[in-house]
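Please look over the sequence and the model shown here before reading the report that accompanies them.

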Amino acid sequence: MSTPLGDLGFIHRWEPAENARITLLVLHGTGGNENDLVPLARELLPDAAILSPRGKVVERGMPRFFRRLAEGVFDLEDLALRTDELARFVDDASASYGFDRDRVIALGFSNGANITASMLLRLGAVLRGAMLLSPMLPFEPLKTPDLSSVAVFIGAGTSDTIIPPAQARRLVDALRAAGADVTDYWHPAGHTITHEELRAAKAWLKTYAVG
Ligand code: MLT
């Protein structure tokens, strides 16, 4: 069941879990909603609590997390505002639901992965870790943030025509330059999530998240 906007400002799903050590912040792709990736998040880390907001920008009926001017061309002013707003939502949700703000790992696909990358590159180590599936470098950071405490899994397709591999590689490079511990996983498919990629993400979680 989704929670309407309420005080937290986003329609979202909150699924607590008894003795959860990690909260997964789950962020859908363009045209998705707060329910899409929840089964996948559960499969990846069954003991985690789940916080899954719906993007507030609507493009031709499709929810997104920030405005774009064209495919892969972002409205950077809107991206900055929406990034700050999403980070505030996570802070407020932590206070409201009582989960540990220091133990949040994001799981984002495509547009959801891109706003997660924006959070890290704009705000620094506001997440313990992130799984970014089919992401790209959302903007060129003016200042390199300190991400030395952050672990990131990047899954990307070498046949992705929506976000070409070079774009995902730029993100890998930018995160590494900021000191993040980046594991990149490449699959031969396009703009999608593959079973093997999920297996790799699950193994990564075991190494990085559950410690
Ligand atoms: C984006 O807009 O974030 C990327 O182009 C991916 C997409 O959502 O199509």
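The model is predicted, so local features need pLDDT of at least 70 and side-chain atom pairs count only at pLDDT 80 or more, while totals for chains, interfaces and linings use all residues. Residues are numbered from 1 along each chain as its sequence is written, and side-chain values use heavy atoms, with hydrogens and water left out.

Helices (H or I, at least four residues) and strands (E, at least two) are DSSP runs numbered from the N terminus, and two strands pair if DSSP finds at least two bridges between them. Seven strands make up an open sheet of mixed pairing, in the order 1-3-2-8-9-10-11. Strand 1 (12-15) and strand 11 stand at its edges with a single partner strand each, so one side of each has no neighbour in the sheet. Within the sheet, strand 9 and strand 10 pair in the parallel sense over five bridges, and Leu-132 has Ile-154 in strand 10 as its bridge partner.

Helix 4 lies across strand 9, strand 10 and strand 11, and runs at about 165 degrees to strand 11; such angles run from 0 to 180 degrees between N-to-C directions, with axes fitted to C-alpha atoms, for helices over the stretch in contact (heavy atoms within 4.5 Å).

Just after helix 4, Gly-179 adopts a positive phi of about 95 degrees.
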